[in-house]
Structure formats: structure tokens, C-alpha cells
Amino acid sequence: MLSSPFFSSIPVVLILFACQPTTTTETGSSGSQDTLTQEELNSKGFDELASDYYDTQSRVIWQKPDLVLSLLGNLRGKTIADIGAGTGFFAFRVANNGGKVIAIDIDPRAIAWIEAEKKRYPVDVQALLETRLAAPDNPNLEPNEVDVVLMVNTYIYLDDRITYFRNLRSGLKKDARLIIIDFKENETPIGPKVEERIPLRQVQSELTQAGYAIVSSDDQSLEYQYIVTATL
């Protein structure tokens, strides 16, 4: 579902779904950050990308992971698909709170990173976290496998989104929820270019066309992002 330049000529995918890195332009002003170019991504080691872009302390402030986790409800006995897991920013938090999580990404480096980091956690937490390499057009879920799909900072990188979410439905259990979090259309100090962002109303429309019912749309709880919750 990602555009072809990322997959047509190189064996290793150079972009993580969940944590598209950003770099500040010369102005450094609000909304002036651009996504890293493919060449810049290729020139950096994954460890450097992770520490400099994906898991900065500032992300905890603006992403509000505790608030996001609260949207998932009681995690015990539930299976959560973190589509676009990146370095596991949310996946590790889900597992640490007792939920079974499938950390899904299209970049094998992300999968390797999470597997390495997982070893630092208690055995019971490790047992709750599974990694899964996916294709750009297929999250690689089993039928009726998950209770919640969490997709953070990933929606805009899907190409044929309506088809993607139609196909995703088979992996959802009855009464499963889909939670989409992505950047608002207005300029923000971090995030992708404004012209690349998907407006909240478009997300709602596309999910509806894919067969989902919108439960709630929240553009207030997070300063830079909206939260859309949907169900079948």
C-alpha cells in the first residue's frame, strides 16, 4: 500500500510505518519539518534513527501514550495489533500492561530492533509481544485474530486505504475496534509535510467506505493529532 519507490529497487524498506522520521529544515519554525529523504534514511544506521527520531523524550509529551493506552480499555485477555509498530513505542507499553500485542511492520530492521529490545523485559512481558513482518498491502493477520487494531502515524503511508481496510476486516474479532491516530491537517512543529497529511474528515469517509462505523472522532485530546475510533 506504500508508494512503489520504497520497494521497487532496494531490498530493505527504508521507512517504518509508525514512526516516519522528521528532520528540521533551516528555518526550524513550526510546521517546517520535512520527512527524511530516502538517501538520508539510507545513510543512517537504524540505531541512530531510533534514538534521534523514533523514541525521543519529546514524543512522550505530545503523543501521550498513557492517554492512548486508556482508549484500549482493559488489556487483559485481549490481542492488539500494532500496525506500523516501528521501534515498539506502543507495543512494549501494551505488553507491559498485560495485553497480547502483535507488533507489525514492513521493515525487517524494525522487527529485529523490537526482538532485540524485547530481551531486556521480564519473561512474562516477552511472552505477550510477538513481532510480525508484513507486506505494504497486507498486515498479515490471521482470521478473527485481534480485538483492537492500533495504527499510529501510519495512515498516510497506506496507498489504497479503502481496499487495505476492507481486507483488514477479516483479521478482526466480532466487536473489535480500530483506532487511528495521525497528524492534523494544520501545521505542527513535528510530523510530515502538511500537504501529505490526511484530513480527519477524509479518514472518516474512507473508513466508512471500507465498511466501518465511526464510533468517535477526537481532535482535542492530542495537540498535534486526531484520534478516530471505529468498529465493524
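In this predicted model, Lys 118 belongs to helix 6, which spans residues 108-118. The relative accessible area of Lys 118 is 13%, and because this value falls under the 20% cut-off, the residue is classed as buried. When neighbours within four places in sequence are left aside, the contacts of Lys 118 are with Phe 92, Gln 126 and Leu 129. Helix 6 itself lies across strand 4 and strand 5, and its direction makes about 165 degrees with that of strand 5.

The strands form an open sheet of seven members in the order 5-4-3-6-7-9-8, with mixed pairing. Strand 5 (129-133) and strand 8 (213-218) stand at the edges, and each has a single partner strand, so one side of each is left without a neighbour in the sheet. From one strand to the next, the twist averages 20 degrees. Strand 3 and strand 4 run parallel and are joined by five bridges; Ile 80, for instance, has Val 101 in strand 4 as its bridge partner. Helix 8 also packs on the sheet, where it touches strand 3, strand 6 and strand 7, running at about 150 degrees to strand 7.

The largest nonpolar core comprises 29 residues, and those with the most contacts inside it are Phe 165, Ile 180, Leu 207 and Tyr 212. Among the elements that give two or more residues to this core are strand 3, helix 8 and helix 9, while the largest share, four residues, comes from strand 7. Apart from this core lies another, of 25 residues, including Leu 72, Phe 89, Val 152 and Ile 227.

Methods:
Residues are numbered from 1 along each chain as its sequence is written. This is a predicted model: local features need pLDDT of at least 70, side-chain atom pairs count only at pLDDT 80 or more; totals for chains, interfaces and linings use all residues. Side-chain values use heavy atoms; hydrogens and water are left out. Buried means under 20% relative accessible area, exposed over 50%, partly exposed in between (1.4 Å probe, protein chains only). Contact means heavy atoms within 4.5 Å. A nonpolar core is a set of buried Ala, Val, Leu, Ile, Met, Phe, Trp, Tyr and Cys residues joined through side-chain atoms within 4.5 Å. Two strands pair if DSSP finds at least two bridges between them. Axes are lines fitted to C-alpha atoms, for helices over the stretch in contact, and angles run from 0 to 180 degrees between N-to-C directions.
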